[in-house]
Amino acid sequence: MIEVESLTVRFAGVTPIDAVNVVFPGGTCGLIGPNGAGKTTFFNVLSGFVRPAEGSIKAFGENLLSMADYKRARWGLRRTFQTEMAIEKLSVYDNVAMIHEHSGATRASRRSDVLAAIDFVGLETSPKARVGGLGARERRLVEVARAVVGSPRVVLLDEPAARLPDEETTQLGEVIHRIPDRFGALVILVDHDMSLVSACCETTAVLDFGKLIASGPTAEVLRNEHVVRAYLGTEDTL
Amino acid sequence: MIRGASIAVFLLIALFALPRLFGSDWITTFTSVAIYAIVAAGLGILYGRVGMISLGQIALLGIGTWTATRLDYATGMPFPLLLLATGAITCVIGVLIGLPALRLSGLFLALITLMAAGAVTVVLTTIDFPNGGGGFTGHAAFVDLSGLKPVERPGIAMADTPYYRYVVVIAALMFLLGLLHVASKPGRAWAAIRESEPAALAAGVNIIRYKLWAFALASFMTGVAGCLLAAQIGTPKAFGFQTQDSITLFATALIGGVFSLWGAVIAGVFYQLVPFLFQAQWGLDVNFLYILFGIGILQVLLTAPGGIVQQFPKDMANLARLIVGLFRKVTRGGSPQ
């Protein structure tokens, strides 16, 4: 469970996150909102790239904000980025092993853990293949494998299905949906694809201009009139 | 398999065939090629693996050479120990130079290291060690090189050819050291940093630590190369380590190919053997080389980021395809219409 209390982020003159209180109970949680709503900024706060002006974040009872950024991976935080960032020069195996090496997991379990993660996401290519030679879907799967290896506790996925065709998005969604049961991690999924979010996420939170406008079971949230208006961009004119 | 075999064949040729085929002035040049290949390999780790541009590697080599000379005069320790001690001291100095540079990247890191190189050149020229004087600085008011003894080579490799073989073996060991790093945890962390620093950070990579590690490794290798150079030339001279040489080395490293250790060997060839060919063999002005290097850099920037080591096999494959194509045309009767 992640509890966010009165979280505020300020950059010179803008407030991308404004006094947000929200709880991510567990399982797969959606985080949606129009462009500029503060979703990626929220991930950056969790990763330690951005220091909030106010507020606290407790993840499984621990104060996440007091941890140094690079130590959060060892604690169990994983994330992917909007632009896919699998390491081109390394093989699929090395890409995943690299995360395992910095996760605090034992060396003895490395090979089996890495192969299990690659197998979990359903990559058919050889683990020895260079990531630079793979297609968009396979690279995204490598990223997900990187995000689940080495006992993750929180997995942040930032638009993992961006620019993938519908069918591949559905497959990716199935993989994402299985992460909490298999690895015991809490997943937060940011995406603009509402069918992906409703297929994967039991609960969803909605940000708009840095403010939380709804949170709860996904189906209810997506019917919420504030959410519908925010997405259509008509709240002001109505 | 193929990789191991080609390395073995290359080493056998370098160790046994070359000394038989070439005269003594060539062997001295090949020794320098091997020494500068180590420096280029260090640069390859900094830029090719981590993405940090250092324009101060020749200055660092100068520091290594001077450290080795100073240590040899002071202690007369056995040569293998001198290699290790020089590597360790240069490693510390390299890390100290790298420390403030870690907050900077790209152009600014390049500038800082270039300025450090300039400072080293000034210091070396000013202290003018060794010029025949006594004491720690070895400085005399009046230069008298008559009593100056050269840095002693290892007992098993006093003559030029055995020393050449000795240097090739040490260079191979340094390459192996680099290879072991690249193929294991630090190499993967470096690859992550090169791809994207935020992503590496999110993956739990302690970026400062791994950048310093790369600086330490490259500096150690460069220090060892400096020690080898000290024993090759006997008494170091400051004009052998000019600031612009660091830039030239960076250029040859790019031309050779900065992502591969073979590229470092080619860089050594371009930096030492080609000038030797130009000047001593063909009697050409060495300044023509700068034009050649300029063209080489353009080629790397525009079409061949992997340098010669990646481009040459591709070009050869294209050439082979062209020849096979022509051959087919001819055998079909020579009348395509």
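This report walks through a predicted model with chains A and B, from an overall view of chain B to a few residues in chain A.

## Before you start

Residues are numbered from 1 along each chain as its sequence is written, and chains are lettered from A and ligands numbered from 1 in the order in which they are written. Because the model is predicted, local features need pLDDT of at least 70 and side-chain atom pairs count only at pLDDT 80 or more, while totals for chains, interfaces and linings use all residues.

## Chain B at a glance

Let us begin with chain B, which has 13 helices and zero strands. Here helices (H or I, at least four residues) and strands (E, at least two) are DSSP runs, numbered from the N terminus. Its radius of gyration, taken over C-alpha atoms, is 22 Å, close to the 20 Å that the globule rule gives for 337 residues, so chain B is as compact as a globular protein of that length. That rule is 2.2 Å times the number of residues to the power 0.38.

Along its principal axes, the C-alpha trace of chain B spans about 85 × 55 × 40 Å. Buried residues account for 43% of the 337 residues in chain B. A residue is buried if 20 or more other C-beta atoms lie within 10 Å of its own, exposed if 12 or fewer, and partly exposed in between, with C-beta atoms placed from the backbone.

## Where the chains meet

In chain B, 15 residues are in contact with 20 residues of chain A; a contact means that the C-beta atoms of two residues, placed from the backbone, lie within 7 Å. Helix 7 (185-195) and helix 8 (197-202) of chain B each supply at least two residues of the side that touches chain A. The largest share of that side, six residues, comes from helix 7 of chain B.

## A sheet in chain A

Chain A has an open sheet of four strands in the order 2-1-4-5, with antiparallel pairing. Two strands pair if DSSP finds at least two bridges between them. At the edges are strand 2 (14-24) and strand 5 (62-63) of chain A, each pairing on one side only. Strand 1 (residues 2-11) and strand 4 (residues 54-59) of chain A run antiparallel and are joined by five bridges.

Ile2(A) lies in strand 1 of chain A and stands opposite Ala59(A) in strand 4 of chain A. Ile2(A) is partly exposed, with 19 other C-beta atoms within 10 Å. Leaving aside residues up to four places away in sequence, Ile2(A) touches Phe24(A), Ile57(A), Ala59(A), Val154(A) and Leu186(A).

Ala145(A) is among the buried residues of helix 5 of chain A. Helix 5 (residues 136-148) of chain A reaches 19 Å from its first C-alpha to its last, close to the 18 Å expected at 1.5 Å a residue, where the expected span is 1.5 Å times one less than the number of residues. Its buried residues pack against several elements of chain A, including helix 3 (92-101), helix 4 (110-121) and strand 7 (154-158). After helix 5 of chain A comes Gly150(A), whose phi is positive, near 75°.
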